[in-house]
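The sequence and structure come before the details.

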Amino acid sequence: MNSGGSFFCSSIGRKILMAVSGLMLIGFVVGHLVGNLQVFQGPEHLNGYAEFLHTMGPMLWVARIGVVAAVLVHVWAATVLTLENRAARGPEVYGFKHTIQATLASRSMRITGYIVGAFLLYHLAHFTWGLAQVDTFKDSLKEYPLATDYRVAGFVAVKAGTITKDVYNMVVLGFQNVFVSGFYIVAVGLLSFHLVHGFDSMFQTFGLRSGRWARGLRLVSILFCTVYFLGNLAMPAAVLLGKLQPHTPAVAAAHK
Ligand code: HEM
């Protein structure tokens, strides 16, 4: 085997793959949150943004393939490392569990990972493939002409009058269902929890978690994950509290 191959088949190689793929996924979820928060600026912004992403064509596909590849690498590396650790520990003696130094976040990495994976499949079925949407508003969501230009850094990215998918109504009507909102809130809560330990492990792998930095980095990770959670919570919570309403009266009435 060449040196590159043996590096990535080694335990440290897999840890690096896990940290790098995790970093890519963090980049995706943070970018996704920042984009989604445009729901608070109104339908023109969110629908314009979604249309802008779709006009990126091949670039969008490169990003999508990158995210799928990062998910696959992350899951593969996590599985192999877990099996290796288990084999290295050997059988547990007299019921002694090797979790004394482990935190709740670190011990629950596998279960939070599975639940976030299940959420992701549901989320794609709900918003991307439209499979899990309520029939009463499915048809109303297809066409929506932008009333104003959508701008990126001052430049017109999508012109007024362009027919777009009505992502704004899709999100608001989706979150009006308390069970849908509840599942989103639980899933992003678990994802945020997963990220707390993820950051710790990543810093450890990159050799940044030395004594002097460890506490500070942990505080920054916890702060980051809390802000991330609150940002995601804000959307379903605003819908359930009636702060965000469907913008097309006919659709809103049909859905009541
Ligand atoms: C309240 C939280 C969230 C909202 C409002 C939201 C909203 C959306 C919407 C509207 C779409 C479809 C965009 C379109 O078809 O144009 C989408 C796609 C997607 N979301 Fe989310 N999302 C949320 C949280 C998350 C989280 C936490 C993850 C990751 C774990 C995630 C991962 C994805 C992925 C992978 C796609 C597919 C992107 C693509 O088609 O290229 N989302 N989301």
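Of the 20 residues around the ligand, which come nearest? They are Asn36, Ala50, Phe127, Thr128 and Met235.

## Basis of the report

This is a predicted model, in which local features need pLDDT of at least 70 and side-chain atom pairs count only at pLDDT 80 or more, while totals for chains, interfaces and linings use all residues. Residues are numbered from 1 along each chain as its sequence is written.

## Overall make-up

The protein has 11 helices and four strands. Helices (H or I, at least four residues) and strands (E, at least two) are DSSP runs, numbered from the N terminus. Of the 256 residues, 21% are buried. A residue is buried if 20 or more other C-beta atoms lie within 10 Å of its own, exposed if 12 or fewer, and partly exposed in between, with C-beta atoms placed from the backbone.

Among contacts between residues at least 6 apart in sequence, 73% join residues at least 24 apart. Two residues are in contact if their C-beta atoms, placed from the backbone, lie within 7 Å.

A residue is near a molecule or strand if its C-beta atom, placed from the backbone, lies within 6 Å of it. The residues nearest to the ligand include Asn36 and Met235. Two or more shell residues are given by each of α2 (11–36), α4 (58–89), α6 (109–128), α8 (167–175), α9 (178–205) and α10 (211–240). The largest share, six residues, comes from α6.

By class, the shell has 14 nonpolar, five polar and one charged residues. Here Ala, Val, Leu, Ile, Met, Phe, Trp, Tyr, Cys and Pro count as nonpolar, Asp, Glu, Lys and Arg as charged, and the others, Gly among them, as polar.

## Helix α8

Eight of the nine residues of α8 are buried, and the helix is mostly covered. The buried residues are Val167, Tyr168, Asn169, Met170, Val171, Val172, Leu173 and Phe175.

## Packing against α9

The axes of α6 and α9 are 9 Å apart and the helices pack at an angle of about 140°. Axes are lines fitted to C-alpha atoms, for helices over the stretch in contact, and angles run from 0 to 180 degrees between N-to-C directions. α6 is therefore oblique to α9; angles under 35 degrees count as roughly parallel, over 145 as roughly antiparallel, 65 to 115 as roughly perpendicular and the rest as oblique. On the α6 side, the contact is made by Met109, Thr112, Gly113, Ile115, Val116 and Phe119, and on the α9 side by Phe183, Ala187, Leu190, Leu191, Phe193, His194 and His197. These divide into nine nonpolar, four polar and no charged residues.

The axes of α2 and α9 come within 10 Å and cross at roughly 130°, so α2 is oblique to α9. Lys15, Ile16, Ala19, Gly22, Leu23 and Ile26 of α2 meet Leu195, Gly198, Met202 and Thr205 of α9. This contact has six nonpolar, three polar and one charged residues.

## Two single residues

Leucine 60 is found in helix α4. Leucine 60 counts as partly exposed because 13 C-beta neighbours lie inside 10 Å. Not counting residues up to four places away in sequence, leucine 60 touches Leu53 and His54.

Alanine 153 lies in the loop between β2 (150–152) and β3 (155–158). Although not a glycine, alanine 153 has a positive phi of about 50°. Alanine 153 counts as exposed because 5 C-beta neighbours lie inside 10 Å.
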